[in-house]
Amino acid sequence: MLKRIMSKDSQMRAAINQKLIEMGERERLKELLRAKLVECGWKDQLKAHCKDVIREKGLEHVTVEDLVTEVTPKGRALVPDSVKKELLQRIRAFLAQHATL
């Protein structure tokens, strides 16, 4: 039963993502996100964290994969709730306009 629910959930997510891509809304949302993250200082904070990690481990001992693994959780945590809420509202509004999924 739970597997069926998860399957329906992933199918719905895939359908929504496909609709966002087809209508060009996904790219618009990505651009909005980029702008909001720069505006709130997220990009600068993450850049500083990357520098700290590299200084801590040494440039010779850090791969791009290591850096991504180390920085990703903090990057996600630093996204302001207001930005998340705005994106979610935009997605909901898009889905309300295109409710024929």
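Trainee: What's the handedness of the crossing where α3 passes α4?
Mentor: Right-handed. Keep in mind that this is a predicted model.

Trainee: Okay, and at roughly what angle do the axes of α3 and α4 cross?
Mentor: Roughly 150 degrees, and the two axes come within 10 Å. Helix α3 covers residues 42-57, while helix α4 covers residues 64-78.

Trainee: Which residues make that contact?
Mentor: On the α3 side you've got W42, Q45, L46, H49, C50, V53, I54 and K57. From α4 come L67, E70, V71, K74, G75 and L78.

Trainee: How does the contact of α3 with α4 split by class?
Mentor: There are 8 nonpolar residues, 3 polar ones and 3 charged ones.

Trainee: Let's zoom in on H49. Is H49 buried or exposed?
Mentor: H49 sits in helix α3, and it counts as buried because its relative accessible area is 16%, and the cut-off for buried is under 20%.

Trainee: What is H49 in contact with, leaving aside neighbours within four places in sequence?
Mentor: E70, V71 and K74.

Trainee: And V71, what does that one touch, with the neighbours within four places left out again?
Mentor: V71 is in contact with L46, H49, C50 and V53.

Trainee: New topic: which residues form the largest nonpolar core?
Mentor: That core has 9 residues: L37, W42, L46, V53, V62, L67, V71, V79 and V83. Both α3 and α4 supply at least two residues each, and α3 gives the most, with 3 residues.

Trainee: What about a second core, which residues does that include?
Mentor: The second one is separate and has 6 residues, among them L20, L29, L32 and L87.

Trainee: Let's jump to E25. Why does E25 count as buried?
Mentor: Because its relative accessibility is 9%, and anything under 20% is called buried. E25 is found in helix α2.

Trainee: Which elements have the lowest and highest mean pLDDT?
Mentor: Helix α1, residues 2-22, has the lowest at 82. The highest belongs to helix α2, residues 25-39, at 96.

How values were computed. Residues are numbered from 1 along each chain as its sequence is written. This is a predicted model: local features need pLDDT of at least 70, side-chain atom pairs count only at pLDDT 80 or more; totals for chains, interfaces and linings use all residues. Side-chain values use heavy atoms; hydrogens and water are left out. pLDDT is the predictor's confidence in each residue, from 0 to 100. Helices (H or I, at least four residues) and strands (E, at least two) are DSSP runs, numbered from the N terminus. Axes are lines fitted to C-alpha atoms, for helices over the stretch in contact, and angles run from 0 to 180 degrees between N-to-C directions. A crossing is left-handed if the near helix is turned anticlockwise from the far one by less than a right angle, and right-handed if clockwise. Contact means heavy atoms within 4.5 Å. Ala, Val, Leu, Ile, Met, Phe, Trp, Tyr, Cys and Pro count as nonpolar, Asp, Glu, Lys and Arg as charged, and the others, Gly among them, as polar. A nonpolar core is a set of buried Ala, Val, Leu, Ile, Met, Phe, Trp, Tyr and Cys residues joined through side-chain atoms within 4.5 Å. Buried means under 20% relative accessible area, exposed over 50%, partly exposed in between (1.4 Å probe, protein chains only).
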